[in-house]
Structures are given as structure tokens and as C-alpha cells.
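Dear colleague,

Here is the structure that I promised to hand over, with its sequence. My notes on what was found in it follow below.

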Amino acid sequence: MKKLLSAAMVATMALCGSAQAAEISMAANSTGKNLDFLRKMFGEFEKETGNKVTLVTMPPSSTEQFAQYRLWLAAGNSDVDVYQTDVIWAPQLADQFVDLKEAASDVVDQFFPSIIASQTVDGRLVAMPMFTDAPALYYRKDLLEKYGKAVPKTWEELAATAKEIQDKERTAGQKDMWGFVFQANAYEGLTCDALEWIKSSGGGQIVEPDGTISVNNEKAAAALEQAKSWIGTISPPGVLSYQEEESRGVWQTGNAVFMRNWPYAYSLGNGDDSAVKGKFDVAPLPVAAVGDKPSSTLGGWNLAVSKYSEEQEAAIALVKFLTSADVQKRRAIENSNLPTLQALYDDPDIAAAQPFMPRWKPIFQDAVPRPSAVTKVKYNEVSSRFWSAVHNTLSGSGSAAENLELLEAELTELKGSSW
């Protein structure tokens with residue numbers, strides 16, 4: 001273990017020097033096995049540095065996390081030193097975080113440039129990438145083989161295959177079987193899901209990189225109406241309140257043919273307590289028509305140091321440790337989280353432990369970013385308006401065309417003269 005940590009800890013010790021041991025805290029979300037992994041890493045960091053790390057547990061919902069973070073940072077709270085941040089938050093919270101550019105100068109070239117760029121605001125590196133994310137289509141390979149079905153390439157094929165297998169499994173006694181589970185609660189996760197439906201249907205990406213509001217179009221409306229048709233037919237009515245963990249719960253108990261989810265669900269799905277262990281695989285998300293490009297939403301989590309921290313050196317050392325090659329490798333093997341370091345995709349140990357991971361590389365490299373960079377500090381409001389319009393459509397409160405027309409008007413007013 002000492003040998004494993006040595007490279008990462010050289011930088012840590014250099015930063016901490018011989019200073020007195022520090023007490024620092026880190027806020028992190030509770031999705032999947034994230035907290036268990038962090039506690040284990042904290043123990044090793046503490047043993048090597050003498051510093052003490054306290055975990056501040058956050059809910060799995062990124063929307064709830066962001067709201068709490070914003071309150072703490074606006075108040076100049078010094079109790080939290082390190083924040084686990086969503087890839088989209090950099091433009092909105094940049095002024096509250098320490099510039100890590102100099103501290104990371106020795107390692108920054110090892111990361112994917114696009115991910116570093118997503119965390120760079122006005123030339124300042126406001127967060128270090130811990131793991132990246134892009135969702136895929138999880139499918140029950142045993143059930144597709146049983147009924148002679150291919151992995152669906154289009155959303156229409158997905159719906160047809162899901163319905164056929166769902167109905168046949170129910171007839172065979174699996175009364176709780178559903179065809180497809182995803183995230184349709186009114187939160188940031190629905191923005192991700194719906195962006196994928198719309199972008200893969202040729203309907204744009206809500207707000208284009210040049211700032212144009214593009215969401216009110218026929219292809220976008222058709223994509224949302226198609227998703228609405230799934231609810232109550234191939235997806236449970238309760239999907240309207242599902243986030244990632246609720247979707248995984250249905251899937252992992254063996255009660256879904258398909259699931260849209262992030263990479264973290266892969267290792268959990270192959271756990272000893274999983275009803276689908278060894279029975280599933282992953283593929284790119286479907287498209288509207290053959291020839292269209294799959295459109296997984298770019299996700300990922302990063303680590304930022306609060307400018308209000310009274311222990312910034314120790315906090316930076318923790319960030320560098322948790323984003324180091326050694327720790328990212330272990331996170332990939334144990335949690336199936338995608339590394340942000342390019343070289344790890346050629347690592348034989350990772351490939352052996354997570355055979356799917358090299359195949360996931362093109363999925364996230366072609367992933368579609370949410371319009372956070374162009375809408376800047378207004379992104380949270382843009383996303384909230386968007387997911388509300390989508391949720392209204394899915395729940396039968398107005399048609400997609402009506403809701404997107406209203407959304408366009410709201411976003412136009414929000415934009416004003418510029419984003």
C-alpha cells in the first residue's frame with residue numbers, strides 16, 4: 001500500500017511541508033459507493049500526512065447539492081474546505097473557489113484537455129477532475145438472447161423490444177417486469193435525459209454554443225412526445241419521481257429490460273447482492289433514426305477548494321491525492337467510475353476488472369455538454385425551466401409543443417440582451 005501511495009503523496013507532503021497537521025472537511029454526494037470509497041481514501045491520506053479529514057455528506061441529487069453549496073459559499077462559510085462539484089457548476093461558482101492552475105501545473109497535461117477546459121473559467125482552473133461521466137443503455141443480455149432480439153439502435157426499436165419482452169416476461173410470471181427505466185423526476189437529471197432524447201433526434205441542445213435558444217422546434221417536441229408515450233406502457237408511472245438510485249433499484253432487482261444510467265451502476269449491478277449480476281451489458285444510447293449520432297450527456301465530478309478555507313494548502317493536497325493516477329485507478333476498479341486521466345484507459349488492470357471501460361471511452365469523448373458554458377451564471381435557471389417544461393409534458397400537463405413554446409419565451413426573457 002505504501003508503494004501504491006508514494007507517488008501521489010510526494011506532492012502532498014511537498015505542499016504540506018512540515019506544517020502542523022490540519023483539520024479539513026470535504027462535502028461529497030452519497031450516490032452509489034462514493035462515500036465508502038472516500039472514507040477509505042481519507043484514512044490513507046490521514047495516515048500519510050497526519051491531517052484529519054471530515055466528510056460532509058450531501059444528498060445524491062445534484063440539484064439539492066448545488067442549492068446547499070450556493071448558500072454556504074454566499075455566506076463565506078469556512079467549515080467546508082473541499083467541494084465535490086458537478087461538471088456544470090464551474091461557471092456559476094468560479095468566484096468562490098481557489099485557482100488550482102499553479103498547484104496542478106505538474107499533472108494537468110495528463111488529463112483529457114476537454115475536461116480541464118470545462119473546469120477553467122477566465123483562465124482559472126477552479127476544480128480538478130476526479131472522474132468523468134457519460135450515460136449508456138444498460139440491457140439484459142440474457143433476455144435479449146432468450147427472445148432473439150438485437151440491442152436497439154433507435155428509440156423506436158427500444159420501445160418495441162422493451163414492450164415485447166416486458167409483456168412476455170409478465171405472461172411467464174414476472175409480474176413486476178418493466179421495459180425501460182430512466183430518470184424523470186423534476187431535477188437536473190431530467191435535463192440530462194431529455195437533452196439526450198432531443199439532441200439524438202436532431203432537435204439541438206436547448207441553447208446552442210453561440211447563445212441561440214433552439215429548444216422550440218418540431219424535432220424536440222417529437223422527442224418529448226415519444227418519451228411521454230413510454231410512461232405507463234414500458235416505463236412505470238412512478239418513473240416521474242425516479243432519480244438515478246430509484247432507476248437502479250428497479251433494474252438491480254431484475255425488474256427492467258433496459259435502463260439509462262451512468263457508469264457507477266455497472267459495478268453495483270455486478271455485486272453479489274444483485275439479481276442481474278453477469279446478466280447485462282452496456283451500449284451507446286439510441287438515436288431517432290439510423291445515421292443519427294448517439295448523444296450522451298457529458299457528466300463528471302470534480303474537486304474544488306473554497307476560497308474561504310483556512311487550510312488551503314492541506315485542502316489542495318487532498319484534491320491532488322484524490323485526483324491522482326493511483327486513486328483514480330482504484331476508483332475505476334472498485335466503483336466503475338471513468339478516469340479523467342488519458343493513460344488509465346490503456347491500463348491492463350482496469351481493463352481486466354472493468355472490461356466495459358475501454359468501450360466507454362468513445363461514449364464520453366462524443367458526449368454532449370449541457371449549455372452551462374454559454375449561459376454562465378444563468379444556467380441553473382435555464383435548466384430548471386427546461387426540466388419543468390419536460391416534466392409537465394411527461395406528466396400530461398400540456399403538450400410538448402405548447403410547453404416548449406412557453407419555455408422559449410421564458411428563456412428569451414431570462415437571456416435579456418445577453419447570457
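**Salt bridges and overall build**

Lysine 146 and glutamate 169 form a salt bridge, with their closest N and O atoms 2.9 Å apart; the term stands for a side-chain nitrogen of Lys or Arg within 4 Å of a carboxyl oxygen of Asp or Glu. This pair links distant parts of the chain, since lysine 146 lies in helix H6 (residues 141-146) and glutamate 169 in helix H7 (residues 155-171), 23 residues apart. Helices (H or I, at least four residues) and strands (E, at least two) are DSSP runs, numbered from the N terminus. Lysine 146 is exposed at 52% relative accessible area, whereas glutamate 169, at 6%, is buried; buried means under 20% relative accessible area, exposed over 50%, and partly exposed in between, with a 1.4 Å probe and protein chains only.

Before you read further, please note that this is a predicted model, in which local features need pLDDT of at least 70 and side-chain atom pairs count only at pLDDT 80 or more, while totals for chains, interfaces and linings use all residues. Residues are numbered from 1 along each chain as its sequence is written, and side-chain values use heavy atoms, with hydrogens and water left out.

The structure holds 20 salt bridges. One of them joins lysine 277 to aspartate 272, with the closest N and O atoms 2.7 Å apart; here lysine 277 is partly exposed at 42%, and aspartate 272 is exposed at 73%. Another joins aspartate 347 to lysine 329 at 3.3 Å between the closest N and O atoms, and it links the loop between helix H13 (325-335) and helix H14 (348-353), where aspartate 347 lies, to lysine 329 in helix H13, 18 residues away. Both aspartate 347 and lysine 329 are buried.

Beyond its neighbours within four places in sequence, proline 91 is in contact (heavy atoms within 4.5 Å) with Val121, Ser372, Ala373, Lys376 and Val377.

Turning to the chain as a whole, there are 18 helices and 11 strands. Buried residues make up 57% of the 419 residues, and the C-alpha trace spans about 65 × 55 × 30 Å along its principal axes.
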